[in-house]
Protein chains: 2
Amino acid sequence: MRATVMYGAGDVRIEIVPDARLIEPTDALVTVARAAICGSDLWPYKTMERSDNGRRMGHEFVGVVEAVGTDVQTVKAGDVVVSPFLWSDGTCVFCQEGLQTECLHGGRYGSDDVDGGQGEAVRVPQADGTLVVLPVGADDALMPSLLTLSDVMGTGHHAAVVADVRPGKTVAVVGDGAVGLCGVIAAKRLGAERIILLGSHPDRIALGTEFGATDIVSERGDEAVERVHELTHGLGAHSVLECVGLEESTLTALQIARPGGAVGRVGLPQEDSVPDAIATFFRNVTIGGGPAPARAYMEELLPDVLEGTIEPGRVFDRSVPLDEVPDGYRAMNEREAIKVLIEL
Amino acid sequence: MRATVMYGAGDVRIEIVPDARLIEPTDALVTVARAAICGSDLWPYKTMERSDNGRRMGHEFVGVVEAVGTDVQTVKAGDVVVSPFLWSDGTCVFCQEGLQTECLHGGRYGSDDVDGGQGEAVRVPQADGTLVVLPVGADDALMPSLLTLSDVMGTGHHAAVVADVRPGKTVAVVGDGAVGLCGVIAAKRLGAERIILLGSHPDRIALGTEFGATDIVSERGDEAVERVHELTHGLGAHSVLECVGLEESTLTALQIARPGGAVGRVGLPQEDSVPDAIATFFRNVTIGGGPAPARAYMEELLPDVLEGTIEPGRVFDRSVPLDEVPDGYRAMNEREAIKVLIEL
């Protein structure tokens, strides 16, 4: 079968790899219908050292179950399914707490014997705990939005949950990438009265406004902080969604949080310390977040996608067939595209 | 009147200062019955640069209202009252949210025209918002415990609240000082099943055990982390109370938090960054906290003190008259005493 393999920074290839197949009795074999390129895929695209073996890519996909192992009970051949970006057993202590990213028997796609999502098929371990059956056909118009439940929409939602977004509150979203835009959707869905989007790309800002952003701040650093304070009577935002992960964006997120407020960080942190620890202490600002337990959020978000109440699939502004995935990486890396959908 | 004045590191004096008096119509004049030396008073005691004017000290006190300004409605002469460590109006947006430490019209004791608590009397601004009337006499045996509501018990409780302590959960308390010990009380009061106290002073550990600590970890650094993981089946603690503020203790607190857990920090941070940002991100650990809104917690904690359900006053293991306050500072600084009560 064909699949995406990265051999080093900037070097993404579509290659013939061994066919995905069932190995464990808890596996499902899924034929991929749609996949995506993730903002986090751009980190290795920028920095990966050359590898002779390459690295299988992709962790966001929807598809059709081809076959299941003998122990699988909740999905069957023919089911249209979505997978979160990590697989998990659904039964361990962390899964039961809704933190499937810490599943004691879970893992990542694209490592060891588990295929990546950017390919024709995937062996999905722990299928019962991992997959969610979708009540639509594999070619449904909702597929792009359903696909976002695997990662980007769940991630924006996670930032909003950790930042304690509540009805009537003021929310700031740092970053106008696909995650930030899904953060805007999540904040509006959770009832935020005011949503300040910090970003400077006209097309992304336009989409953010359609998603519910009420104010745009295009400045950066100290000027952005000043502008948010102007917009909030000097108080700051109750909830801040940090959707970038750089030190500057993290500092901005902390500085625009209102005293007693919370920052939900979902941007992959590029520094090993959180800045501004003394000022945030004196203002009682909380910071939390991390990889989103996308599996935990699927049941909550799925009805809204099916009803069309939220349309996170609009973050995909480019579609490519599998053979053109390398150009999809290039386009996202050069910010030609917000997020790239792969149609198989 | 007599009051405590600090002139530099290690230089604390009892001096005659101008009598406390009413200035604003919202003031109360309070004769101090009991005051305390705070762990945070030890920071200037260790580091303050020499000052010709000196600095009035103290922010924890209970006493008797002597007189009130014309606008004061909720307290009257003769009332026995406790003050939180900051004064606040009780009506601003932050006070209404229960974050009186951010009161838009509040402030600190011992600055400008406001007396410090370690003296014979105090002008209390915003008396209606600040003071809580106590239904006991000024010489009641409960006075030491009631005094802790002004700061140390509220601070331990704040750490527990921010760390999301809940019934049945495992809690770790980093630091066996007076705040850490009150954190143990707070954790037990909120229903924690297991309370691991990290500390190494035999007398403090003994008191912590009486307060409800179920396990003691006397190691530090990596060894402490390892020990807590042994005690928690490798998972860590759901809630961690950071009651020290040093970089090492903060790192320990973060590293012993269970994935998805929370750290409540109330130790004054000595570094301007929070360490271990990447590992805590991947484990979805939250960190929050800051100065405790002690005023907000008084109503909740007061009944338990009055009923004797909690006895935070036991953290006072030494009492001194006002004239011996300088020796009280020395004793706390040299760890001869956990916390010093001042009897006027």
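This is a predicted model: local features need pLDDT of at least 70, side-chain atom pairs count only at pLDDT 80 or more; totals for chains, interfaces and linings use all residues.
Local features need pLDDT of at least 70 and side-chain atom pairs count only at pLDDT 80 or more, while totals for chains, interfaces and linings use all residues. Residues are numbered from 1 along each chain as its sequence is written, with chains lettered from A and ligands numbered from 1 in the order in which they are written.

**View 1. Helices α5 (residues 152–162) and α11 (residues 294–306) of chain A cross.** Helices (H or I, at least four residues) and strands (E, at least two) are DSSP runs, numbered from the N terminus. The two axes come within 9 Å and cross at roughly 95 degrees, so α5(A) is roughly perpendicular to α11(A) (a term covering 65 to 115 degrees). Axes are lines fitted to C-alpha atoms over the stretch in contact, and angles run from 0 to 180 degrees between N-to-C directions. A:Met153, A:Gly154 and A:His157 of α5(A) meet A:Ala294, A:Tyr297 and A:Leu301 of α11(A); contact requires C-beta atoms, placed from the backbone, within 7 Å.

**View 2. Strands β18 (residues 316–321) and β19 (residues 339–343) of chain B run parallel.** Here 5 bridges join the strands, and pairing takes at least two DSSP bridges. Look for B:Val320, whose bridge partner in β19(B) is B:Ile342.

**View 3. Chain A touches chain B.** In this interface, 28 residues of chain A are in contact with 28 residues of chain B. On the chain A side, the elements giving two or more residues are β15 (257–265), β16 (273–275), α10 (277–282) and β17 (286–289).

**View 4. β16(A) pairs with β16 (residues 273–275) of chain B.** The pairing is antiparallel over 3 bridges, and A:Val274 stands opposite B:Val274.

Methods: Angles under 35 degrees count as roughly parallel, over 145 as roughly antiparallel, 65 to 115 as roughly perpendicular and the rest as oblique. Two residues are in contact if their C-beta atoms, placed from the backbone, lie within 7 Å.
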